[in-house]
2 protein chains.
Amino acid sequence: MKNRNLTMMTDFYELTMSQAYFKAGKKDEEAVFDAFFRKNPLDGGYAVMGGVDRIIKLVKEAHFNDEDIEYLRSTGQFTEDFLAYLRDFKFTGSIYAVPDGTPVFANEPILTVKAPIIEAQILETILLSYLNAGIIHTTAARRVVEAAEGIGIMEFGARRALGPDAAVEASKCAMIAGCVGTSNVLAGQEYGFPVLGTMAHSLVTEADSEYEAFLNYAKAYPNNCILLVDTYDVLKSGVPNAIRVAKEFLIPNGYQLKGIRIDSGDLAYLSKEAKKMLIEAGLPDTKVCLSNGLNERTIKALKEQGAVIDSIGLGDNIVLPDKARVGCVYKNVAINHNGEFVSRIKVSNEAAKAITPGYKKVYRFYDKTTGYALGDVIALHEENIPRNKFTLIDPNNEANRLTIKNYNIRELQEAIFVDGKLVWEDPTIAEKQAYCNKEMATLYPEVKRIDNPHGYYVDLTRKLLELKKELIRQAKEQTVTYDIDTKLEKRL
Amino acid sequence: MKNRNLTMMTDFYELTMSQAYFKAGKKDEEAVFDAFFRKNPLDGGYAVMGGVDRIIKLVKEAHFNDEDIEYLRSTGQFTEDFLAYLRDFKFTGSIYAVPDGTPVFANEPILTVKAPIIEAQILETILLSYLNAGIIHTTAARRVVEAAEGIGIMEFGARRALGPDAAVEASKCAMIAGCVGTSNVLAGQEYGFPVLGTMAHSLVTEADSEYEAFLNYAKAYPNNCILLVDTYDVLKSGVPNAIRVAKEFLIPNGYQLKGIRIDSGDLAYLSKEAKKMLIEAGLPDTKVCLSNGLNERTIKALKEQGAVIDSIGLGDNIVLPDKARVGCVYKNVAINHNGEFVSRIKVSNEAAKAITPGYKKVYRFYDKTTGYALGDVIALHEENIPRNKFTLIDPNNEANRLTIKNYNIRELQEAIFVDGKLVWEDPTIAEKQAYCNKEMATLYPEVKRIDNPHGYYVDLTRKLLELKKELIRQAKEQTVTYDIDTKLEKRL
């Protein structure tokens with residue numbers, strides 16, 4: 001398989017629509033698209049932004065080469081003038097996005113593209129794919145990091161990822177979210193992450209006995225000897241054999257048994273019993289690592305049951321959580337007509353799918369005293385947000401209002417590209433990790449609660465709320481008019 | 001990001017274990033590893049094999065280049081002799097696998113690697129990742145194809161996939177499973193699949209009115225005009241506007257309205273009402289395409305409710321189904337000691353995790369008269385299966401037996417690599433699709449039922465069953481011995 005041009009990772013309709021715009025003389029018409037999701041992933045109270053780095057790379061390199069044009073020509077759907085346009089395609093618009101590692105919430109624009117409509121349209125598919133992946137991995141990883149409360153999480157999920165590309169992306173997101181390392185050698189090589197891991201059951205089953213396997217491993221890694229003790233029986237075989245290797249080989253040669261790993265069975269019970277045996281054997285410093293399909297809930301339960309946990313290996317629930325859908329959408333919210341942005345709305349037959357129209361900004365309010373995030377407000381782009389006193393209005397129930405004072409305010413989206421130029425210096429992964437830690441500390445614990453979290457406020461300014469209601473009203477009226485038109489037609 | 005060497009997509013412990021084998025003088029020791037999953041994915045009665053093509057490509061190219069060696073050296077965990085071994089690494093073993101598109105079932109080996117243990121170990125991570133991805137996409141797609149009973153399914157999931165690589169793989173698997181096309185242009189380009197799709201809501205919201213949007217689109221694609229009718233209101237606006245464009249522009253110019261697509265609301269009701277309107281308007285040939293997060297269950301329900309469906313657009317549930325975990329594992333089942341395969345087992349503290357040991361083959365029995373698959377049996381490699389009469393024994397309940405006669409028998413795994421040489425000519429995607437259709441027709445409808453499917457028989461030969469029981473017994477005995485050893489030690 002040759003090197004892929006990822007600009008071609010687009011739904012076919014992006015291109016057919018683009019040609020329709022092109023034919024209608026609208027190729028330079030400027031449009032605004034918002035990306036957002038409708039429900040926080042993983043039934044949580046928050047999500048964590050991810051994928052901006054891949055978006056930057058894609059947009060910088062966006063193009064169609066001769067081979068691509070030839071392929072598109074072969075579909076028979078495109079005319080030469082449009083293909084010539086694509087041959088010269090590059091992104092000339094602006095992209096604003098919430099930086100990787102920021103907590104984000106349902107129904108707020110996390111990325112906004114303001115660009116000639118064809119450019120905005122062609123990028124839709126891959127932007128969404130990058131956002132959906134980046135957000136699910138970062139959020140899932142952060143949820144376990146929060147649950148572990150300081151116990152190091154090692155990302156071990158490569159084999160469960162839907163392919164190598166997804167595995168490396170998940171490792172990267174896990175690191176941003178605060179994991180301490182990854183088992184994925186390719187991710188380690190690409191990003192310089194700590195790569196971790198010692199042995200699998202096959203090392204034990206290969207040998208004639210568990211003891212022999214442990215001894216050979218200890219000889220190969222006397223300095224870093226972590227033994228997997230559950231191949232046959234943790235307490236009757238694995239831990240005793242580990243202790244024997246420590247006493248017969250490691251300690252006499254000036255080394256220590258660094259750790260044991262338990263990967264099956266009742267981890268709470270086994271970890272406590274194993275620790276007792278290690279202490280009795282005079283090995284109190286030997287670490288206990290737990291793994292086996294853990295997630296935020298099982299980690300919490302293990303801690304509550306007093307399990308002994310020095311570190312956690314966890315993969316499945318970062319690379320492919322049970323409800324892995326973020327469901328980011330990308331909606332046309334405004335069109336520039338002669339220098340003025342005209343707001344657009346989609347109503348549809350499902351009321352909940354009505355989008356928030358308009359070219360917008362998102363602000364986050366922080367309590368000046370505690371630093372906690374109080375809520376976000378979505379405003380029209382040109383609106384000014386008062387710096388002293390503000391009333392948040394719940395768009396789904398206008399009677400729900402909260403007036404706040406004594407706040408700091410911050411715009412959530414950063415300019416990434418302006419008029420085609422990359423203006424954002426993307427932080428390193430380590431910087432993103434530190435930023436994510438700092439950002440997550442601004443959320444109330446109630447919002448971060450694993451189950452039934454408190455809803456975080458994402459409200460609209462009064463002006464935007466009125467605009468949305470007005471546009472919904474207009475759209476509904478429009479439908480009636482058309483209905484009458486058709487009835488007239490039928491009579492013809 | 002440079003071109004990735006996917007051989008590096010391996011868990012770090014594969015390499016540390018490999019060095020331990022190397023140091024213990026076992027680099028040429030031949031081992032057998034089986035890949036299998038423990039539960040059919042998606043709560044189904046079957047899975048469909050996928051990912052073999054990517055495995056072939058990876059294994060053919062498996063290597064470590066200078067840059068990789070330099071990186072591995074920098075981790076400080078490897079010695080020069082082992083790094084030199086890796087620098088010369090290539091796969092010299094044999095791989096047997098069930099071909100893409102074959103129905104497969106829990107607990108049977110779907111891929112077997114017989115190779116020097118280090119080679120088998122290093123490939124583990126990426127083989128599993130490819131199998132997990134290939135099987136979930138192919139199975140998920142086949143489930144909707146079965147539910148649609150002949151209605152064409154278009155794979156539309158690119159934006160929901162966890163990245164472009166995962167999206168292209170899902171498109172490919174969807175085609176093998178019987179989908180009629182994909183929206184993913186990159187997949188179309190790479191594999192020559194039909195690329196499909198017409199318009200999104202943004203085409204409608206961009207314009208000043210739905211009618212204008214439809215008209216512009218019809219002008220650009222008079223021959224292939226499929227209009228998305230749910231931006232404002234399907235029955236009051238979308239369908240009437242589509243009819244108007246058909247009557248005012250398409251028909252007068254010698255064209256037809258090819259179709260409408262409904263992407264929200266109650267699809268059963270809306271599709272029936274829309275069809276009535278189309279017929280009333282004299283457009284009985286206009287096709288109705290439905291989309292919006294459909295899956296096998298909603299397709300079945302729509303059909304039961306008499307929905308009008310000429311084609312289905314469906315993506316999420318192929319690229320990222322709700323329970324996307326196949327959970328393939330890869331277990332050491334035998335070691336070659338002096339030319340004899342010694343069987344290995346992992347017992348662990350969870351009884352269900354005990355694996356089936358031994359170097360094995362898998363056979364499928366077909367009813368000679370009906371062609372239906374009667375069950376699979378796993379045998380030791382050297383065993384002969386009688387051709388006339390055979391008793392299947394349920395390994396979980398030996399009292400459950402089924403004696404069968406009048407069968408054809410087929411070995412499920414094909415030789416892919418033998419002694420490092422690729423011996424399998426991988427079929428084209430179209431051939432795989434035809435093969436998958438043929439194969440799926442051999443399953444009883446009860447096995448393919450969406451909910452509470454009948455369990456398909458996957459049994460062990462009596463010889464293999466006895467071996468498994470004996471090895472479990474031995475492993476349990478072994479643990480007691482070690483326990484006594486340790487108690488003795490503690491007294492010292």
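Visitor: Let's start with B:Glu149: does this residue count as buried or exposed?
Guide: First, this is a predicted model: local features need pLDDT of at least 70, side-chain atom pairs count only at pLDDT 80 or more, and totals for chains, interfaces and linings use all residues. Residues are numbered from 1 along each chain as its sequence is written, chains are lettered from A and ligands numbered from 1 in the order in which they are written, and side-chain values use heavy atoms, leaving out hydrogens and water. Buried means under 20% relative accessible area, exposed over 50%, and partly exposed in between (1.4 Å probe, protein chains only). The relative accessibility of B:Glu149 is 61%, so this residue counts as exposed.

Visitor: Where in chain B does B:Glu149 lie?
Guide: Helices (H or I, at least four residues) and strands (E, at least two) are DSSP runs, numbered from the N terminus. The phi of B:Glu149 is near 45°, a positive value in a residue other than glycine. Most residues other than glycine have a negative phi. As for its place, B:Glu149 sits in the loop between α5 and β6 (152–155).

Visitor: B:Leu42 has a positive phi too; what is its relative accessible area?
Guide: Phi of B:Leu42 is near 60°, and this leucine lies in the loop between β1 (30–36) and β2 (47–48) of chain B. B:Leu42 is buried, because its relative accessible area is 12%.

Visitor: Which residue forms a salt bridge with B:Lys39?
Guide: A salt bridge needs a side-chain nitrogen of Lys or Arg within 4 Å of a carboxyl oxygen of Asp or Glu. The N to O distance is 3.1 Å, and the partner is B:Asp43.

Visitor: How far apart in sequence are the parts that B:Glu169 and B:Arg54 tie together?
Guide: These two residues form a salt bridge, with the closest N and O atoms 3.2 Å apart, and both are buried. They also belong to a network of salt bridges that includes A:Arg4 from the other chain. B:Glu169 lies in helix α6 and B:Arg54 in helix α2 (residues 52–61), so the pair ties together parts separated in sequence by 115 residues.

Visitor: How many residues of α6(B) are buried?
Guide: Helix α6 (residues 164–176) should span 18 Å at 1.5 Å a residue, and its end C-alpha atoms are 19 Å apart, which agrees. The expected span is 1.5 Å times one less than the number of residues. The helix is mostly covered, with a buried count of 13 of 13.

Visitor: What relative accessible area does B:Ile110 have?
Guide: B:Ile110 is in the loop between β4 (103–104) and β5 (111–116) of chain B. Contact means heavy atoms within 4.5 Å. Leaving aside residues up to four places away in sequence, B:Ile110 touches a set of residues including B:Phe36, B:Met49, B:Tyr96 and B:Leu131. B:Ile110 is buried, and its relative accessible area is 0%.

Visitor: Which side chain joins that of B:Asp316 in a polar contact of 3.2 Å?
Guide: A polar contact is a pair of N or O atoms within 3.5 Å; within protein, one must be able to donate a hydrogen and the other to accept it, and residues adjacent in sequence count only if both atoms are side-chain atoms. B:Asp316 is found in helix α13 (residues 316–319) of chain B and counts as buried at 17%. Among the residues that B:Asp316 touches is A:Arg325, from the other chain. The polar contact of 3.2 Å, though, is with B:Arg160.

Visitor: What is the area buried between chain B and chain A?
Guide: Buried area is the accessible area (1.4 Å probe) that two parts lose on being put together, summed over both. The contact takes 140 residues from chain B and 139 from chain A, and 16 salt bridges cross the interface. Carbon and sulfur atoms give 52% of the buried area, which is about 11300 Å².

Visitor: Which kind of axis relates the two chains?
Guide: Copies are superposed by least squares on the C-alpha atoms of residues with pLDDT of at least 70 in both. A rotation of 180° with 0.0 Å of shift along its axis puts chain B on chain A, at an RMSD of 0.0 Å. That is the relation of an axis that is two-fold.
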